[in-house]
Amino acid sequence: MTSTPASSSSAGLAGYSSVAICAVVWGTTWYAITFQLGAADPAVSVVLRFGIAAVGMAIVAKLFNQPLRLNRKQHLAAVGQGAFAFALSYYFVYAAEERIASAVVAIIFAALTFISLGVFRILSNQKAGAASWIGALMGVAGVAVLSWGEVAGKGLGDDVAAGIAFGFIAVFASAMGNWFAWRGQRAGAAVLPATAWAMAYGTLILAAYALISGRSWHIEWSQSYILSLAYLSLVGSVVTFGLYFSLARSKGYALAAYISALTPPIAMLVSVIFEGARFGLLAFAGLVFVLAGQVFIARSPKP
């Protein structure tokens, strides 16, 4: 059955809508995470976030009549996805934001598309087109330019080397999480049940680490912590990861990963509104690079 121009146009609109929603929501989660810092150990906050999100995603899967049962190969892929995308990546995101400004972490995550392309090339011999590589590099360059004024103005603070290293570990873990999600797709797992199980496995893995390493489970249950936890769990995880991995399956993981290059402009806008930040012409030049990179990747063939 061939697709009509109207159906192709609708699919394209749905894809761009998913990109926009994820970019806007994740652009605000950088700010929301700051309300979590200091109220609990990062590992505990991530366990709570994705424990709640796993239950929420399972409920959404049932609402869409997607059975939660997976076979052995699908479970193995979900374990890998959970360990990298939800346990390792987000633990190091929270740990990085304890040491360096959130804008710097956002800059580092602009490299996700580039690293994802490399991971898929090495592990699965997927050869992305030149447009994808150009777009990925434009995203890295654009966000670096866009955020330079923020970084130079506020400084990097203490523990710079550790914070930057943690940020890059988080990006690499996210790229590996994408690869395991793709493995689950190849094994025939539906996106919502697979993501729900991955979140559950990530929660269990990080909870085990927190227990074994003797992390404190004390939580300061302030209103800001509870509200940010609800937002990060339900909107910043259930809604966005459902859209993200659905988009990755239909349009390719390079386009989905490029959302990480679009979130810093949103994060900076949030900073302007809530923190009184100001950005000049250099920021707008960087934004042009980011959007141009999006066009390159969107028009490149799916690997």
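Modeller: Gladly! Helices are DSSP runs (H or I, at least four residues), numbered from the N terminus, and the expected span of a helix is 1.5 Å times one less than its number of residues. This is a predicted model, where local features need pLDDT of at least 70, side-chain atom pairs count only at pLDDT 80 or more, and totals for chains, interfaces and linings use all residues. Residues are numbered from 1 along each chain as its sequence is written, and side-chain values use heavy atoms, with hydrogens and water left out.

Biologist: How do you know that the span of α2 agrees with its 22 residues?
Modeller: Helix α2 covers residues 42–63 and should span 32 Å; its end C-alpha atoms lie 31 Å apart, so the two agree.

Biologist: Why is the pair Arg-215 and Asp-41 called a salt bridge?
Modeller: The term asks for a side-chain nitrogen of Lys or Arg within 4 Å of a carboxyl oxygen of Asp or Glu. Arg-215 and Asp-41 meet at 3.1 Å, N to O, so the pair qualifies.

Biologist: What does the pair tie together?
Modeller: Arg-215 is in the loop between α8 and α9 and Asp-41 in the loop between α1 and α2, so parts 174 residues apart in sequence are tied together.

Terms used: Helices (H or I, at least four residues) and strands (E, at least two) are DSSP runs, numbered from the N terminus.
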